[in-house]
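Here's a quick briefing to keep next to the structure viewer. Have a look at the fold before you read on.

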Amino acid sequence: MESAPGELAALKKVGLVHFIRVEGAGGAGHSYFRDNPGAMSDIALALRTRAFPGGTLRPLELDHDNIWTLHPDYPLERLPDLDLDYVQDRR
(Lines give C-alpha, C1' and ligand atoms only; values in the text may rest on other atoms or scores of the structure.)
Protein backbone atom coordinates (compact mmCIF):
# COMPACT_ATOMS: atom_id res chain seq x y z
CA MET A 1 0.00 0.00 0.00
CA GLU A 2 1.44 3.36 -0.99
CA SER A 3 1.15 6.37 1.27
CA ALA A 4 0.77 10.03 0.44
CA PRO A 5 4.02 12.04 0.46
CA GLY A 6 4.93 12.97 4.01
CA GLU A 7 2.24 10.75 5.55
CA LEU A 8 4.70 8.29 7.14
CA ALA A 9 6.90 11.12 8.41
CA ALA A 10 3.91 12.80 10.05
CA LEU A 11 2.78 9.57 11.70
CA LYS A 12 6.29 8.81 13.00
CA LYS A 13 6.28 12.11 14.90
CA VAL A 14 3.41 10.79 17.03
CA GLY A 15 5.83 8.44 18.78
CA LEU A 16 5.54 4.76 19.63
CA VAL A 17 4.36 4.09 16.09
CA HIS A 18 6.21 1.33 14.28
CA PHE A 19 5.59 0.44 10.66
CA ILE A 20 6.23 -3.14 9.61
CA ARG A 21 6.52 -4.23 6.00
CA VAL A 22 5.52 -7.89 5.71
CA GLU A 23 7.34 -9.45 2.78
CA GLY A 24 5.30 -11.91 0.77
CA ALA A 25 2.01 -10.90 2.35
CA GLY A 26 -0.93 -11.73 0.17
CA GLY A 27 -4.53 -10.65 0.30
CA ALA A 28 -6.02 -7.24 0.69
CA GLY A 29 -6.48 -5.06 3.73
CA HIS A 30 -5.57 -6.25 7.21
CA SER A 31 -6.57 -9.89 6.71
CA TYR A 32 -3.05 -10.87 5.55
CA PHE A 33 -1.90 -11.58 9.10
CA ARG A 34 -4.26 -14.55 9.51
CA ASP A 35 -2.55 -16.41 6.66
CA ASN A 36 1.00 -15.31 7.43
CA PRO A 37 2.77 -17.34 10.15
CA GLY A 38 5.49 -14.70 10.52
CA ALA A 39 2.99 -11.91 11.14
CA MET A 40 1.10 -14.08 13.63
CA SER A 41 4.39 -14.91 15.39
CA ASP A 42 5.33 -11.25 15.64
CA ILE A 43 1.91 -10.33 17.05
CA ALA A 44 2.26 -13.11 19.65
CA LEU A 45 5.80 -11.99 20.55
CA ALA A 46 4.72 -8.36 20.88
CA LEU A 47 1.81 -9.24 23.14
CA ARG A 48 3.66 -11.86 25.17
CA THR A 49 6.93 -9.98 25.73
CA ARG A 50 5.90 -6.31 25.25
CA ALA A 51 9.14 -5.94 23.28
CA PHE A 52 9.68 -3.28 20.66
CA PRO A 53 10.68 -4.33 17.12
CA GLY A 54 14.34 -4.83 16.36
CA GLY A 55 15.42 -6.22 19.72
CA THR A 56 16.41 -9.71 20.72
CA LEU A 57 12.80 -10.78 21.36
CA ARG A 58 11.41 -9.32 18.11
CA PRO A 59 14.26 -9.65 15.59
CA LEU A 60 12.87 -7.48 12.81
CA GLU A 61 15.24 -5.56 10.54
CA LEU A 62 15.08 -1.81 9.90
CA ASP A 63 15.24 -0.92 6.20
CA HIS A 64 16.48 2.23 4.45
CA ASP A 65 13.02 3.87 4.80
CA ASN A 66 13.01 3.36 8.60
CA ILE A 67 10.33 0.70 8.26
CA TRP A 68 10.73 -2.62 10.03
CA THR A 69 10.84 -5.62 7.71
CA LEU A 70 9.30 -8.97 8.54
CA HIS A 71 10.89 -11.55 6.24
CA PRO A 72 8.96 -14.66 5.13
CA ASP A 73 11.06 -16.93 7.40
CA TYR A 74 10.53 -14.80 10.55
CA PRO A 75 11.52 -15.49 13.32
CA LEU A 76 13.06 -18.98 12.99
CA GLU A 77 16.69 -19.09 14.18
CA ARG A 78 16.75 -15.37 14.97
CA LEU A 79 14.72 -15.84 18.17
CA PRO A 80 16.57 -16.74 21.39
CA ASP A 81 15.21 -19.25 23.87
CA LEU A 82 12.59 -17.39 25.88
CA ASP A 83 12.62 -17.43 29.66
CA LEU A 84 8.85 -17.25 30.15
CA ASP A 85 9.21 -17.04 33.94
CA TYR A 86 11.20 -13.81 33.48
CA VAL A 87 8.58 -12.39 31.11
CA GLN A 88 5.74 -13.23 33.51
CA ASP A 89 7.65 -11.75 36.50
CA ARG A 90 7.89 -8.40 34.65
CA ARG A 91 4.12 -7.96 34.83
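What follows is a short tour by topic, from the overall fold down to single residues.

This is a predicted model, so a few ground rules apply: local features need pLDDT of at least 70, side-chain atom pairs count only at pLDDT 80 or more, and totals for chains, interfaces and linings use all residues. Residues are numbered from 1 along each chain as its sequence is written, and side-chain values use heavy atoms, with hydrogens and water left out.

**Overall fold**

- The chain has three helices and three strands; these are DSSP runs numbered from the N terminus, with helices (H or I) of at least four residues and strands (E) of at least two.
- Going along the sequence, you get the pattern α-β-α-β-β-α.
- Of the 91 residues in the chain, 24% are buried; here buried means under 20% relative accessible area, exposed means over 50%, and partly exposed is in between (1.4 Å probe, protein chains only).
- The chain's accessible surface comes to about 6700 Å², and 55% of that belongs to carbon and sulfur atoms. Areas come from the Shrake-Rupley method with a 1.4 Å probe, and for residues only the protein chains shown count as cover.
- Take the contacts between residues at least 6 apart in sequence: 48% of them join residues at least 24 apart. A contact means heavy atoms within 4.5 Å.

**The sheet**

- The three strands make an open sheet in the order E1-E3-E2, with mixed pairing. Two strands pair if DSSP finds at least two bridges between them.
- E1 and E2 are the edge strands, each pairing on one side only.
- E1 and E3 run parallel and are joined by three bridges.
- Thr69 sits in strand E3 and counts as buried because its relative accessibility is 6%.
- Leaving out residues up to four places away in sequence, Thr69 touches Arg21, Glu23, Leu60, Glu61 and Asp63.

**Core and surface patch**

- The largest nonpolar core has six residues: Val22, Leu45, Leu60, Trp68, Leu70 and Tyr74. Such a core is a set of buried Ala, Val, Leu, Ile, Met, Phe, Trp, Tyr and Cys residues joined through side-chain atoms within 4.5 Å.
- In soluble globular proteins, nonpolar side chains tend to be buried together.
- Leu60 has contacts that include Ile20, Asp42, Trp68, Leu70 and Tyr74, again not counting residues up to four places away in sequence.
- On the outside, Phe33, Met40, Ile43 and Leu47 form a nonpolar surface patch with about 360 Å² of accessible area together. Patches take residues with over 30% relative accessible area and no salt bridge; like charges are joined within 9 Å, and nonpolar side chains (Val, Leu, Ile, Met, Phe, Trp, Tyr) within 5 Å.
- Leu47, one of the patch residues, is in helix H2 and counts as exposed because its relative accessible area is 64%.

**Salt bridges**

- Searching the whole structure turns up two salt bridges, each being a side-chain nitrogen of Lys or Arg within 4 Å of a carboxyl oxygen of Asp or Glu.
- Arg21 bridges to Asp63, with the closest N and O atoms 2.2 Å apart. This pair links distant parts of the chain, 42 residues apart: Arg21 is in strand E1, and Asp63 is in the loop between strand E2 (61–62) and strand E3 (68–70).
- Arg21 is partly exposed at 36% relative accessibility, whereas Asp63 is buried at 17%.
- Asp42 and Arg58 form a salt bridge through their side chains at 2.7 Å, N to O. They also link distant parts of the chain, 16 residues apart, with Asp42 in helix H2 and Arg58 in the loop between H2 and E2.
- Both Asp42 and Arg58 are buried, and Arg58 has a relative accessible area of 7%.
- Besides Asp42, Arg58 touches residues including Ile20, Leu45, Phe52 and Tyr74, not counting those up to four places away in sequence.

**Loop residues to look at**

- Arg50 has a positive phi, near 60 degrees, despite being a residue other than glycine. Most residues other than glycine have a negative phi.
- Arg50 is in the loop between H2 and E2 and is exposed, at 56% relative accessibility.
- Tyr32 is in the loop between strand E1 (20–22) and helix H2 (37–49), and is partly exposed at 26% relative accessibility.
- Tyr32 and Val22 are ten residues apart along the chain, and their C-alpha atoms are separated by 9.1 Å.
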